[in-house]
Amino acid sequence: MGNPHRREAAWRDLCADFEFEEELNPNDTQGLHRKRRRSEKKRKDEWRNRRLCGQVRRAVQMGLADCGDPDLQNLIVLDVEPTDRNSCLCVVLVQPATNAPEDSSQSVALLPRLHAVTPRLRSEVARSIHRKKTPQLIYRLQNQDTHDETHD
């Protein structure tokens, strides 16, 4: 294969004919691989977000199981999604089909009780993740028949 520095120097000599001086800094040993490094960083950031969302999902599910409210204990955390803001996560909750309300008024009645246990859920999240700041939680209730309501 040869010496990688010698190979890269040969590529720089070949590319010098095409006038790529601003991209090919002679002090930059990775100058030919900038796009690959950016995509690797993007993939790493996406992986971190997925890992954080998974940790938050498990923590919120455990927090709901310990909250003491039977209606909230029946909720299932379907997913946790990152929002536009870095400090917020959207928690998608679903009611099981056996406990699904006949109308949406009962699911709306769950929101004040859900907001009442939010400090406890955030403390559970803070214990399970290793971040400087605990993210805010935004809830989206979704019935089993894919009818969803978005609430802040």
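**View 1. A salt bridge joins Arg140 and Glu81.** In this predicted model, the side chains of Arg140 and Glu81 meet with N and O 3.7 Å apart. The pair links distant parts of the chain, since Arg140 belongs to strand β3 and Glu81 to strand β1, 59 residues apart. Arg140 is buried, at 18% relative accessible area, whereas Glu81 is partly exposed, at 28%.

**View 2. Strands β1 and β2 form a hairpin.** Five residues lie between the two strands, which pair in the antiparallel sense over six bridges. Val77 stands opposite Leu93 of β2. Among the residues that Val91 touches, leaving aside those up to four places away in sequence, are Val60, Val77, Val80, Leu137 and Arg140.

**View 3. The largest nonpolar core has 24 residues.** The members that touch the most others are Val56, Val60, Leu64, Leu72, Val91, Leu93 and Leu114. At least two core residues come from each of α2 (34–65), β1 (76–82), β2 (88–94), α4 (104–116), α5 (118–128) and β3 (136–142). Helix α2 gives the most, with six residues. In soluble globular proteins, nonpolar side chains tend to be buried together.

**View 4. Helix α5 has buried residues on one face.** These buried residues are Thr118, Leu121 and Val125. Seen down the helix axis, they fall within an arc of 60 degrees, so they line one face of α5. Pro119 and Arg127 are exposed on the other side of the helix. Arg127, at 58% relative accessibility, forms a salt bridge with Glu124, with N and O 3.1 Å apart. Glu124 and Arg127 both lie in α5, three residues apart, about one turn of the helix. Glu124 is partly exposed, at 22%.

**View 5. Asp69, Asp71 and Arg113 are linked in a network of salt bridges.** In the bridge between Arg113 and Asp71, the closest N and O atoms are 3.0 Å apart. Arg113 lies in helix α4 and Asp71 in helix α3 (residues 70–73), so the pair ties together parts that are 42 residues apart in sequence. Both are partly exposed: Arg113 has a relative accessible area of 30% and Asp71 one of 33%. The structure holds four salt bridges.

**View 6. Cys53 and Cys90 are buried cysteines.** The count of disulfides is zero. Cys53 is in no disulfide, and the nearest cysteine sulfur, that of Cys90, is 9.8 Å away. For Cys90 the closest cysteine sulfur is in Cys88, at 9.6 Å, too far for a bond. Cys53 has a relative accessible area of 9%, and Cys90 is also at 9%.

Terms used:
Residues numbered from 1 in each chain as written. Predicted model: local features only at pLDDT ≥ 70, side-chain atom pairs only at ≥ 80, totals over all residues. Heavy atoms only, no water. Disulfide = S-S within 2.5 Å. Buried < 20%, exposed > 50% of the residue type's maximum accessible area, 1.4 Å probe, protein only. Core = buried A, V, L, I, M, F, W, Y, C linked by side-chain atoms within 4.5 Å. Helix = DSSP H or I, 4+ residues; strand = E, 2+ residues; numbered from the N terminus. Contact = heavy atoms within 4.5 Å. Arc of directions from axis to C-beta. Pairing = 2+ DSSP bridges.
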